[in-house]
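Work through the exercises below with the structure open. Each task is followed by a stepwise solution.

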Amino acid sequence: MTLIDGKALADKMAVALKDKVADLVAKGVTPGLVVVLVGENPASQVYVRNKERRALAAGFKSEIIRLSDDISEQDLLALIDKLNHDEKWHGILVQLPLPDHISEEKVLLAIDPDKDVDGFHPTNMGLLWSGSPVMVPSTPAGIMVMLEEYGVDLTGKTAVVIGRSNIVGKPMAQMLLDKNATVTIAHSRTKNLAALAKTADVLVVAIGRGNFVTADFVKPGAVVIDVGMNRDENGKLIGDVKFDEVEPIASLITPVPGGVGPMTITMLMEQTYETANRSLDK
Ligand SMILES: Nc1nc2c(c(=O)[nH]1)N[C@@H](CN(C=O)c1ccc(C(=O)N[C@@H](CCC(=O)O)C(=O)O)cc1)CN2
Ligand SMILES: [Mg+2]
């Protein structure tokens with residue numbers, strides 16, 4: 001078994017990004033990333049702080065806009081409209097989840113697709129599914145970079161994605177398909193899930209249940225990607241895959257933490273850079 005070290009790859013890409021950003025700044029464009037956080041979800045606070053820190057380290061302009069969790073949907077939409085028209089921001093993202101009284105769908109739809117560095121706008125989702133991706137969700141994009149880095153050739157391979165979210169499962173399936181894998185999207189209601197998962201050469205797990213995937217889900221030699229982030233009874237961060245059991249069977253596996261997570265923020269930075277770079281052609 002070989003560990004896929006997302007943290008090391010993220011660190012390596014961060015060094016290269018700094019140089020690319022310096023070149024762009026020399027041409028008169030400083031990438032700008034604005035992050036909107038509504039409420040005080042403790043995990044979200046950590047993620048937005050990490051995004052700002054990584055953006056500043058790369059040489060971007062960056063700002064977190066913190067809003068109280070009783071902000072109205074209308075006020076949030078008005079803020080997004082203002083950010084859409086502010087030229088210093090190439091990338092706008094609204095940290096999810098949002099409080100219940102705000103429609104995630106409306107908010108994501110309000111972000112200018114050209115600034116939607118999360119790739120969640122229906123226009124960007126549609127472009128991805130029709131084979132002309134521009135802005136793509138960073139978690140599956142990071143997984144594709146990890147697979148490439150570790151030499152996983154997807155052509156003709158059987159891939160099973162467990163999880164059907166708009167953020168991970170669905171875009172993941174399309175990205176694997178684009179690299180000529182044969183893809184099945186499975187989920188919590190799939191019958192005989194373990195047997196299906198066991199057909200996979202590449203198994204991506206994003207179901208949001210700690211230690212859900214056990215050894216009987218995994219074909220010997222499979223590549224196993226764990227997108228899960230759950231807390232166990234002691235508050236320890238665990239993935240969706242029972243690592244100790246699956247690790248001896250897999251040929252490659254991502255750890256939690258230190259696998260998919262760090263690459264998510266890396267791809268957000270890359271995408272913000274790309275967006276700023278495209279502004280040169282406008
Ligand atoms: N607007 C968005 N909201 C959310 C996204 C997103 O991509 N855009 N994804 C997740 C949260 N997320 C980024 O926002 C994210 C989660 C986790 C990590 C990460 O690096 N995890 C570490 C462990 C961190 C810890 O100890 O808690 C790891 O896996 O090593 C990065 C980004 C939902 N919301
Ligand atoms: Mg993302």
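Two residues are in contact if their C-beta atoms, placed from the backbone, lie within 7 Å. The model is predicted.

**Exercise 1.** Place Arg164 in the fold and list what it touches, not counting residues up to four places away in sequence.

*Solution.*
Step 1. Arg164 sits in the loop between β5 (158-162) and α7 (169-178).
Step 2. Apply the contact rule. Arg164 touches Gly169, Lys170, Ile185 and His187, with residues up to four places away in sequence left out.
Step 3. UniProt, in an unreviewed entry, puts a "binding site" feature at Gly163, Arg164 and Ser165.

**Exercise 2.** Are Arg164 and Ser165 buried, exposed or partly exposed?

*Solution.*
Step 1. The cut-offs: buried takes 20 or more other C-beta atoms within 10 Å, exposed takes 12 or fewer, and partly exposed lies in between.
Step 2. Arg164 has 18 C-beta neighbours inside 10 Å, so it counts as partly exposed.
Step 3. Ser165 has 16 such neighbours inside 10 Å, so Ser165 is partly exposed.
Step 4. Ser165 also belongs to the loop between β5 and α7. Its contacts, leaving aside neighbours within four places in sequence, are Lys170 and Ala206.

**Exercise 3.** Describe the shell around ligand 1 by class and by origin.

*Solution.*
Step 1. Of the 17 residues around ligand 1, the nearest are Tyr47, Leu96, Pro257, Gly261 and Thr264.
Step 2. Sort by class: 10 nonpolar, 6 polar and 1 charged.
Step 3. Sort by element. β4 (91-94), α6 (138-149) and α10 (260-278) each give at least two residues. The largest share, 4 residues, is from α10.
Step 4. Sort by domain. Domain 1 (28-114) and domain 2 (138-260) each contribute at least three residues.

Terms used
Residues numbered from 1 in each chain as written. Chains lettered and ligands numbered in written order. Predicted model: local features only at pLDDT ≥ 70, side-chain atom pairs only at ≥ 80, totals over all residues. UniProt positions renumbered as here; feature names shortened; annotations may be inferred. Near = placed C-beta within 6 Å. Nonpolar A, V, L, I, M, F, W, Y, C, P; charged D, E, K, R; others polar. Domains from an automatic or database assignment.
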